[in-house]
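Good morning, and thank you for coming. Please look at the chain on the screen while I go through a few of its residues and the packing of its helices.

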Amino acid sequence: MSGRVEIEYCTQCRWLPRAAWLAQELLTTFETELTELALKPGTGGVFVVRVGDEVVWDRREQGFPEPTAVKRAVRDRVAPGRTLGHSER
C-alpha cells in the first residue's frame, strides 16, 4: 500500500492550521512508514484525507476527525497490525 498521505483542506475556510497540525501528528506517528505527506489547498469546505488514491476521511460524511481516528485509518493501510500505543485507548 502507498506510503503517501494527502490532506486536502479548504483555503476559504482557513483550515490550513488544522490540516498542518494533523499532518504533523501523522508524520510523528508514522515517521518510518510514510514516504510523503502532501497538503493540498482546496475550496468549498473540503477536508479530505487520502492514503494513496483511497479516501480514508471526508469531513462532509464523517465530520472533523479526531486525530486518533485518522491515525487508525492510516495505520490500517500503511502499517496493519501495528499498535498505536496510548493514543489507541
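**Ala23 and its surroundings**

Not counting residues up to four places away in sequence, Ala23 touches Ile7, Leu37 and Leu39; contact here means heavy atoms within 4.5 Å. Before I continue, please note that this is a predicted model, in which local features need pLDDT of at least 70 and side-chain atom pairs count only at pLDDT 80 or more, while totals for chains, interfaces and linings use all residues. Residues are numbered from 1 along each chain as its sequence is written, and side-chain values use heavy atoms, with hydrogens and water left out.

Where is Ala23 found? Ala23 belongs to helix 1. Helices (H or I, at least four residues) and strands (E, at least two) are DSSP runs, numbered from the N terminus. Is Ala23 buried or exposed? Its relative accessibility is 5%, so Ala23 counts as buried. The terms are used as follows: buried means under 20% relative accessible area, exposed over 50%, and partly exposed in between, with a 1.4 Å probe and protein chains only.

Ala38 is buried because its relative accessible area is 15%. With neighbours within four places in sequence left aside, Ala38 is in contact with Arg4, Val5, Glu6 and Ile7.

I turn now to helix 1, residues 16-29, and helix 3, residues 67-78, which pack with their axes 10 Å apart and at an angle of about 50 degrees. Axes are lines fitted to C-alpha atoms, for helices over the stretch in contact, and angles run from 0 to 180 degrees between N-to-C directions. How are helix 1 and helix 3 oriented to each other? Helix 1 and helix 3 are therefore oblique to each other. Angles under 35 degrees count as roughly parallel, over 145 as roughly antiparallel, 65 to 115 as roughly perpendicular, and the rest as oblique.

The crossing of helix 1 and helix 3 is right-handed. A crossing is right-handed if the near helix is turned clockwise from the far one by less than a right angle, and left-handed if anticlockwise.

Which residues meet here? Helix 1 contributes Trp21, Leu22, Glu25, Leu26 and Thr29, and these meet Pro67, Val70, Lys71 and Val74 in helix 3. Sorted by class, the contact of helix 1 with helix 3 has six nonpolar, one polar and two charged residues. In this scheme, Ala, Val, Leu, Ile, Met, Phe, Trp, Tyr, Cys and Pro count as nonpolar, Asp, Glu, Lys and Arg as charged, and the others, Gly among them, as polar.

Thr29 lies in helix 1 and, at 18% relative accessibility, counts as buried. A polar atom of the Thr29 side chain lies 2.9 Å from the backbone oxygen of Glu25. Leaving aside neighbours within four places in sequence, Thr29 is in contact with Lys71, Arg82 and Leu84.

Phe30 lies in the loop between helix 1 and strand 2, residues 36-42 being that strand. Phe30 is buried because its relative accessible area is 0%. Its contacts, with neighbours within four places in sequence left aside, are Lys71, Val74, Arg75, Val78, Arg82 and Leu84. Although Phe30 and Val78 are 48 residues apart along the chain, their C-alpha atoms are separated by 8.5 Å.

Cys10 has its place in strand 1 and is buried, with a relative accessible area of 0%.

Arg14 lies in the loop between strand 1 and helix 1. Arg14 has a positive phi of about 60 degrees although it is not a glycine. Most residues other than glycine have a negative phi. At 68% relative accessibility, Arg14 counts as exposed.

Finally, Arg50 is placed in strand 3, residues 47-51. Its side chain makes a polar contact of 2.7 Å with the side chain of Glu6 and another, of 3.1 Å, with the side chain of Glu8. A polar contact is a pair of N or O atoms within 3.5 Å; within protein, one must be able to donate a hydrogen and the other to accept it, and residues adjacent in sequence count only if both atoms are side-chain atoms.
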